[in-house]
Amino acid sequence: GAFNKPVAGVFTVKEKVKSGYVMARFGNDRWRGNAGVRLVRTATSVTTNTGLPCGVPSATNGITYGSAAQTTACAGFVPAGGQLTTGSRFGNFYTLTTDSSYTKALPSMNLVYDATKDLVLRTAAARVMSRPDYSALGASISGFAYNPAAIPVSTASGGNAKLGPVLANNYNLGVEWYFKPRSLLSAQLFFIDFDALVGSGT
């Protein structure tokens, strides 16, 4: 029953990804390359449990596990769309499902130039994306603290069901010298420009 339902560590993440890619190739005797773009749409549905600092049974407040009084004490803490669960020995909590989606265009290009029969120059540029870790999306909010004398008065920690992806622009320049059969000496220069990062804060 509800008495043994846990608050923290239980979440569900559903992710649907749709993508399409187009690419063109080009070149001549000395150079060659390709350019393309990938269009990606990601839809996520995250269901989490969030503990509530209310309705704790005691010998003096008349509240018992799973009682109407416990539900009344916690009703004001539940956001729209949340489902309240009381009567758990792990604490009262609400379950909330958060839906979000985003669409990203990710272009890329690669060029190769044969400077000599032994020396090859390469350059590439691409916009890349990495989706947030599931634990960052669904980690339960916990560690509630309330102190009217502090700023802020309420603190907690947890994930963020509306997190977007990590986005970056990658640039690469390389030189390859094939100085002997089956031998290669190369040097690479790269630069990564992040547009968005997943971080933590207070």
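A: Let's start with Arg182, which sits in the loop between strand S8 (166–180) and strand S9 (183–196). Strands here are DSSP runs of E with at least two residues, helices are runs of H or I with at least four residues, and both are numbered from the N terminus. The phi angle of Arg182 is near 60 degrees, a positive value in a residue other than glycine. Arg182 counts as exposed because its relative accessibility is 84%. In these terms, buried means under 20% relative accessible area, exposed means over 50%, and partly exposed is in between (1.4 Å probe, protein chains only).

Before going on, a word on how to read all this: the model is predicted, local features need pLDDT of at least 70, side-chain atom pairs count only at pLDDT 80 or more, and totals for chains, interfaces and linings use all residues. Residues are numbered from 1 along each chain as its sequence is written, and side-chain values use heavy atoms, leaving out hydrogens and water.

Rings of Phe, Tyr and Trp (its six-membered ring) pair if their centres lie within 6.5 Å; planes under 30 degrees apart count as stacked, over 60 as edge-to-face, and the rest as tilted. By this rule there are 3 aromatic pairs. One of them is tilted, because the rings of Phe26 and Trp31 have their centres 6.0 Å apart and their planes at 55 degrees. Phe26 is partly exposed at 32% relative accessibility, and Trp31 is partly exposed at 35%. The pair of Tyr171 and Phe191 is stacked, with 6.4 Å from centre to centre and 20 degrees between the planes. Tyr171 belongs to strand S8 and Phe191 to strand S9, so this pair ties together parts that are 20 residues apart in sequence. Tyr171 is partly exposed, at 40% relative accessibility.

Now let's move to strands S1 and S2. Strand S1 (residues 11–27) runs antiparallel to S2, and 17 bridges join them; two strands pair if DSSP finds at least two bridges between them. S1 and S2 form a hairpin, with 3 residues between them. Within this pairing, Ser19 stands opposite Val40 in S2.

Val40 is also one of the 5 residues of the largest nonpolar core, together with Tyr102, Leu106, Met129 and Leu167. Such a core is a set of buried Ala, Val, Leu, Ile, Met, Phe, Trp, Tyr and Cys residues joined through side-chain atoms within 4.5 Å. Leaving aside residues up to four places away in sequence, Leu106 touches Gly36, Val37, Arg38, Val40, Arg127, Val128 and Met129, where contact means heavy atoms within 4.5 Å.

Thr48 lies in strand S2 (residues 31–51) as well. Thr48 is buried, with a relative accessible area of 13%.

Lastly, there is 1 disulfide, a pair of cysteine sulfur atoms within 2.5 Å. This disulfide joins Cys54 to Cys74, with an S to S distance of 2.2 Å. Cys54 is in the loop between S2 and helix H1 (68–74), Cys74 is in helix H1, and the pair links distant parts of the chain, 20 residues apart. Both Cys54 and Cys74 are buried.
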